[in-house]
Amino acid sequence: MINKTELFESAQCVLNDIETILYYNSTGSYYLPEDCGGELTYKFFGQDLTVEFDWEETNAFETNLVLGDYYNNESTIKISLRNSCQIDFDTISNIGEVVTHEMTHWLQEMDGVIFPNAENIDDDKYYLQQHEIEAQYYGFEFQSRYSNTTLEEAVDRWFGKYAQFHNFQNNEKFKKNLL
């Protein structure tokens, strides 16, 4: 069982370091917490975690995109920011959502969850797996608290921004499983 309070405090710590990078640095690849003057790894839940933060400016999108990945068995998550416009509060809250999502996968793995090999991660079947629903839920809940909005608004914001990149057959069914 995931300790939500500790998860959100840990995600906020990572988000604070990413905000520091965004404020004081330029685009590039960073390893946190080391590149913020910290240790080599974070120590959360009694375990080491490294965060790779990859920041790139691009003109390929109309909005800023935040992507994430958890490297199974490596205690490493990767957060990628592709910014096409000014980095604003919505972008920061989106980063927090993705950090929390990927940290949830890290915790799931520590709890013994075996992740299936995912050949096609852009369809309903992938995102409706239990481990994905849990990670999405915690990510959206973090974002709703951070931005002082409802969970439904956080989910709607995500669909408005990211649905175009996925092949969801039924957005309402997906939302229902999250809420």
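**Helix packing, a hairpin and a loop leucine**

Mentor: Helix 4 (residues 130-146) and helix 5 (residues 151-162) pack at an angle of about 110°, with their axes 8 Å apart. This is a predicted model, where local features need pLDDT of at least 70 and side-chain atom pairs count only at pLDDT 80 or more. Residues are numbered from 1 along each chain, and side-chain values use heavy atoms.

Trainee: Why is helix 4 called roughly perpendicular to helix 5?

Mentor: Angles of 65 to 115 degrees count as roughly perpendicular, under 35 as roughly parallel, over 145 as roughly antiparallel and the rest as oblique. The angle here is about 110°, so helix 4 is roughly perpendicular to helix 5.

Trainee: What makes the contact between them?

Mentor: Contact means heavy atoms within 4.5 Å. Helix 4 brings residues including Tyr137 and Phe140, and helix 5 brings Leu151 and Trp158 among them.

Trainee: How do you know that strand 4 and strand 5 pair?

Mentor: Pairing takes at least two DSSP bridges. Seven bridges join strand 4 (residues 65-71) to strand 5 (residues 76-83), so they pair, and they run antiparallel. One of the bridges links Tyr71 to Thr76. The two strands form a hairpin with four residues between them, and Asn73 in the turn has a positive phi of about 65°.

Trainee: Why is Leu40 called exposed?

Mentor: Exposed means over 50% relative accessible area, buried under 20%, and partly exposed in between (1.4 Å probe, protein chains only). Leu40 has 58%, so Leu40 is exposed. Leu40 sits in the loop between strand 1 (28-32) and strand 2 (42-44). Leaving aside neighbours within four places in sequence, Leu40 still contacts Leu32, Pro33, Glu34 and Thr50.

Technical notes: Axes are lines fitted to C-alpha atoms, for helices over the stretch in contact, and angles run from 0 to 180 degrees between N-to-C directions.
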